[in-house]
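Please look first at the sequence and the structure shown here.

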Amino acid sequence: MEHRSSWRLVVVALAVAGLVFPAMALAGAAKGTIKIATQSPLSGGQAALGEGIKLGAQLAIDQLKGPIEKLGFKVELVPYDDQAKPDVGVANAKNIIADKDILLVVGHLNSGVAIPSSEVYKDDNLAMISPANTNPVVTDRNLPNVNRVCGRDDIQGVVGAEFAKDLKVKTAYVIHDKTTYGQGVAEFFRDHAKKIGIEVVGFEGTEEKSNFDPIITPIKAKNPDLIYFGGIYDQAAPFFKQAREKGVKSKFLGPDGMESTDLVKIGGKAVVGMHYTTVAGPVTQYPKAKKYATDFKEKFKKDPEPFSAQAYDSAAMGLKAIEAAVKAAGGKIPTRGAVAAEVRKLKYAGLTGTIEFDAKGDPKKATYFVLQVVSEDPAKFGDNKLVKRLDIAAPPLKK
Amino acid sequence: MDTALLIAIFPQVLIDGLILGFMYALIALGYTMVYGVLEFINFAHSEIFVAGAFIGVEILLGLRGTGVLDSLPPFLVLALLLLAGMAASGLLAVTVERIAYRPLRGAPRLIPLISAIGVSFFLQDAIRLFESVWRNAFNLVYPTMDQLNIRFHLTETIDISVKSLVVMVAALLMLWALHLLVNRTKVGKAIRAVAEDQATASLMGINVNRMISLTFLIGGAMGGAAGVLFGIQYSLINPYTGFIPGIKAFTAAVLGGIGNIPGAMMGGLVLGLLEAFSASYMSLLTGGAFGAEYKDIFAFSILILILIFRPKGLLGEVVRERA
């Protein structure tokens, strides 16, 4: 009996669906589906940010897919989990390339994953818009399909060093996580710090995730005014916590990898008062993002993570480019190359400002922030104090 | 090179190394005991270690959630955590043995090894699944207990925290208790008999299966205690935390002579000290050319050297000759 009644339910549901949505279903069937992929870590220690990127893109697609649907296509998001690992990112990239419906990639979180993966996208000229990759190499390869909506580490490291100077720091100890991103930004920080007269008393890389004792001991003995951690919060936060517990009194500074509520969840009291530079300011810094923040909270029942708004803008720009490319192709599915070319032509007023790409895929002007952590309550991470806000143009391609 | 600095940090590095070493020693016991009895490497032991850490953090978070954490004396909480972690990990180890190893006991030696690797993956993802459903979290943080973070200053720059002392004392006590159990009690004698020769032991009226379960229980419990201590000391854990300490502890067991209980302790201490010294000193001694990131290469190079000259480990391998 039970079986029969559930069957009946299915039949009724199908009938209702058939009555209500016939036009949409027909339109979708007629012209096909356009897919937008996200690639970000959805599992592992950096999942908080990766999930934020996926949800930001999801929200943009849900809210802004109208124009493309009017042209007769269904628009779908396909999220991929790159696990913050280069090999997984590349394997996913190959799957993405194989799925001909995918016309755009929003991602990644980690530069070290984005760089090899984008080599795969390049083979088929698949457009990638990155919400978060700051390593210079991402765009300095001058690929026609790779873009980002955020700033670069060669500037971010300099902003960090200049800020250290503002803090009247005389000696600095630099730690990094040995990734493309972390080591990169740490080196830019170190080089500029030396240039402006800050003594760099140590430069150390580590892949350690739990026991930082042996690294902290020499730092404590050298007692630097400031410790700079080039890396990501899941490693930096326990390091800072253990350093404070061991009695290290230095000031802490880091790049945009610190930017997650997990920084304070893990670091607690130890990270309160520390500064970080970022290319993704808090939502409050973007006047146009207010509605987005409430929509996000309503839909996903949590506050947006940093880089979610950037992912929203990346996806929104992608949708614009696809729309233009579909029109140019006479209403048919455009080629991937055509979409990539349209992305470069955009001038888009997004949540995070007006974005326009230069010839190598950097935003012509990017915003850099210096923020200070104000509370050990993760819910108050969005209230972090803005110390500095700078708009800096992307450097030209070095020949 | 700054000689004064090198000397100044020496005692602190020694303390760091000892703490790490005791941690490795506790985990290494699980590998070495099982190997001593069954001649098989229980690669799932690193997850049994992590399970203890997770039980500890869940209890702490639960206590904090109900608001009683601050009103309880910290050492009572600590004892509770250790007991719970030991019980959970010990039982888990026994269960794993019953389900994944006992049915394969007659099989060629590689088969239970593969089974162990499978169990290891299974447990990692089971913990991850549970935590993501239960707390929607990947990394969990041990809540800070302020009394445990008090530091005793030996000199201006050298100090030691209460929790570091706790780790050392707890490890020493457990190792001593284990030593008594194995060498001074009837049960210990039975375990040793099973290790020597299972068939003969069973002829003498020893329940072999029960003794093997007991071995897993003790090894697992030591691993669970190490998990809780690891969490208290380093505070951040995730489902994959066990992998690296597990590999290191396994190495420590081999270094000390696998199957040899005092050897596991000694191997753990040697490895911990090597690691701490290479991480702290390498960059200072080489002027930054080789940094702390090479600590494992350095530590393992020394290890290979030791094993070249003492292939049976520092204290000698306990392997019976098979007729």
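Leaving aside neighbours within four places in sequence, Y276(A) is in contact with L253(A), G254(A), P255(A), D256(A), M258(A), E259(A) and L371(A), where contact means that the C-beta atoms of two residues, placed from the backbone, lie within 7 Å. This is a predicted model, in which local features need pLDDT of at least 70 and side-chain atom pairs count only at pLDDT 80 or more, while totals for chains, interfaces and linings use all residues. Residues are numbered from 1 along each chain as its sequence is written, and chains are lettered from A and ligands numbered from 1 in the order in which they are written.

- Y276(A) lies in strand β10 of chain A, which covers residues 275-278; strands (E, at least two residues) and helices (H or I, at least four) are DSSP runs numbered from the N terminus.
- Y276(A) counts as buried because 27 other C-beta atoms lie within 10 Å, the cut-offs being 20 or more for buried, 12 or fewer for exposed and partly exposed in between, with C-beta atoms placed from the backbone.
- D256(A) is 20 residues away from Y276(A) along the chain, yet their C-alpha atoms are separated by 6.6 Å.

**Confidence**
- For chain B the mean pLDDT is 89, and 98% of its residues reach 70 or more; pLDDT is the predictor's confidence in each residue, from 0 to 100.
- The complex as a whole receives an ipTM of 0.87 and a pTM of 0.86 from the predictor.

**Helix α6 of chain A**
- Helix α6(A), residues 111-123, has 13 residues and reaches 19 Å from its first C-alpha to its last, close to the expected 18 Å, a span worked out as 1.5 Å times one less than the number of residues.
- At S117(A) the helix α6(A) bends by about 25°, this being the angle between axes fitted to the seven residues ending there and the seven starting there.
- Among the buried residues of α6(A) are V113(A), I115(A), S117(A) and Y121(A).
- After α6(A) comes N125(A), which has a positive phi, near 55°.

**Domains of chain A**
- Chain A is divided into domain 1 (32-151 + 285-363) and domain 2 (154-278 + 368-393), with bounds that come from an automatic or database domain assignment.
- The centres of these two domains, taken over C-alpha atoms, are separated by 28 Å.
- In chain A, 16 residues of domain 1 are in contact with 19 residues of domain 2.
- On the side of domain 1 of chain A that touches domain 2 of chain A, α6(A) gives the most, with three residues.

**Contact between the chains**
- The contact takes 28 residues from chain A and 31 residues from chain B.
- On the side of chain A that touches chain B, α10(A) gives the most, with seven residues.
- That side of chain A divides into eight nonpolar, ten polar and ten charged residues, where Ala, Val, Leu, Ile, Met, Phe, Trp, Tyr, Cys and Pro count as nonpolar, Asp, Glu, Lys and Arg as charged, and the others, Gly among them, as polar.

**Helix α10 of chain A**
- Helix α10(A) is mostly covered, with eight of its ten residues buried, including I215(A), I216(A) and K220(A).
- The cover over the buried residues of α10(A) includes β6 (171-176), β7, β8 (226-230) and α11 of chain A, together with α2 (10-38) and α11 (261-285) of chain B.
- N223(A), which follows α10(A), has a positive phi, near 45°.
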